[in-house]
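Student: I would like a close look at a single part of this structure.

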Amino acid sequence: MYLTRLDIQGIRNICSASVSPIDGINIFYGANGSGKTSVLEAIYLLGRGRTFRSRYTSTLINHQARKCTVFGDVNSSEQAVSYTVGVSRETSGAFQFKVDGQRVTASSSLAEAIPLLLMNSESFLLIESGPGGRRRFLDWGVFHVEQQFQRVWAQFQRSLQQRNKLLRHDKISRQELISWDNSFVGLSLQLTEMRKDYFKLIEPIFYELIERLTGITGLSLGFVQGWDSEMSLEAVLAENFERDARRQTTHAGPHRADLKIQIDGRAASNVLSRGQIKALVAALIVAQGEMFRRARGKQCVYLFDDLVSELDQDYLLRLLRVLAGAKAQVFVTGTEYAPLVNVLENEKIENFAVFHVKQGTVNSLNGLALKGEAL
Ligand SMILES: Nc1ncnc2c1ncn2[C@@H]1O[C@H](COP(=O)(O)OP(=O)(O)O)[C@@H](O)[C@H]1O
Ligand SMILES: [Mg+2]
């Protein structure tokens, strides 16, 4: 699936822009502060209902405007369907999501309509930061591949919150907690089974793409379920009762799941250089996209912000080769187009388009204009 048209209104310094991206590699170049990342934010808003730059989506709205709106036309040629997705946010906090003319309320409906994967300057945190980011990263895939995941995940979150609320009561008895734990354990096992099944499927794809995109050897990936895998969750909860009650929180469960990434038994974050870590993150992201394609029979959309400054030349070359081979729709930004276009032309990859972003306006550059400018 890919976006055939993008209409952006009131997103940061973009008052109004209309873009017709191609089903290939779309390069957005322009000076710092011209609005390149804002274009990616607009696409992200369509697929996720929020921004990736702040916890507050309202920061996206142009300072002179009361709301921002993005429309995207999606062509899913694999399923021979096309539809429009629209998202608007007002400074008052009101929002509206529409898929194919129908109002939807959950951002998961947007994610289903426009599945997105993003890499930006923060993405190295996937390896260098705590388990939360890796858990969300893995769950992106489980959500898209396993239909029941969203429902079970939401039920589990409610159950966990309820359990923690019980723990905050002064005199929680072990008996009260045990009766609650029946459903907590049931949901935990369901959730974990889905994650495990998904990990088993994606594991070989991870290794394949890590090899193709990074050349790093000796790396191992493991799924960590969130409690001692030698013990039942009931037994772990019973063992943790005093500690959970004292700290008023649940220490073990699927909310503590993680992806363990190691090199020869050591945490990858302690062994690899920052450059290697970024290449590894790109490989993990593309592996998710590839798994999505195999499971769903269609492509997701990739967003790469400031790609040239994120990846060294050799990694960049490997990534563009893989993305062009995957025939996915990709949005890439950079201050110049030459470093990207040179690589693409050397590789004889022709399926790319270039857009110039200048003070919040976006213009498509045709082949002639490109040739006219010295590369
Ligand atoms: N809410 C906003 N309203 C208007 N302008 C904004 C808003 N938020 C950020 N900007 C401005 O938008 C411009 C574009 O930012 P950005 O997309 O990050 O540029 P680029 O990625 O090209 O460097 C910046 O100059 C920034 O100051
Ligand atoms: Mg930027």
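Which residues in α6 meet which residues in α11?

Tutor: This is a predicted model, in which local features need pLDDT of at least 70 and side-chain atom pairs count only at pLDDT 80 or more, while totals for chains, interfaces and linings use all residues. Residues are numbered from 1 along each chain as its sequence is written, and chains are lettered from A and ligands numbered from 1 in the order in which they are written.

Helices here are DSSP runs of H or I with at least four residues, numbered from the N terminus. Arg212, Leu213 and Thr214 in α6 meet Tyr315, Arg318, Leu319 and Val322 in α11; contact requires C-beta atoms, placed from the backbone, within 7 Å. The residues of this contact divide into 4 nonpolar, 1 polar and 2 charged. Nonpolar covers Ala, Val, Leu, Ile, Met, Phe, Trp, Tyr, Cys and Pro, charged covers Asp, Glu, Lys and Arg, and the others, Gly among them, are polar.

The axes of α6 (residues 174–214) and α11 (residues 313–326) come within 8 Å and cross at roughly 130 degrees. Axes are lines fitted to C-alpha atoms, for helices over the stretch in contact, with angles from 0 to 180 degrees between N-to-C directions.

Just after α6, glycine 215 takes a positive phi of about 70 degrees.

Terms used
Helix = DSSP H or I, 4+ residues; strand = E, 2+ residues; numbered from the N terminus. Contact = placed C-beta atoms within 7 Å.
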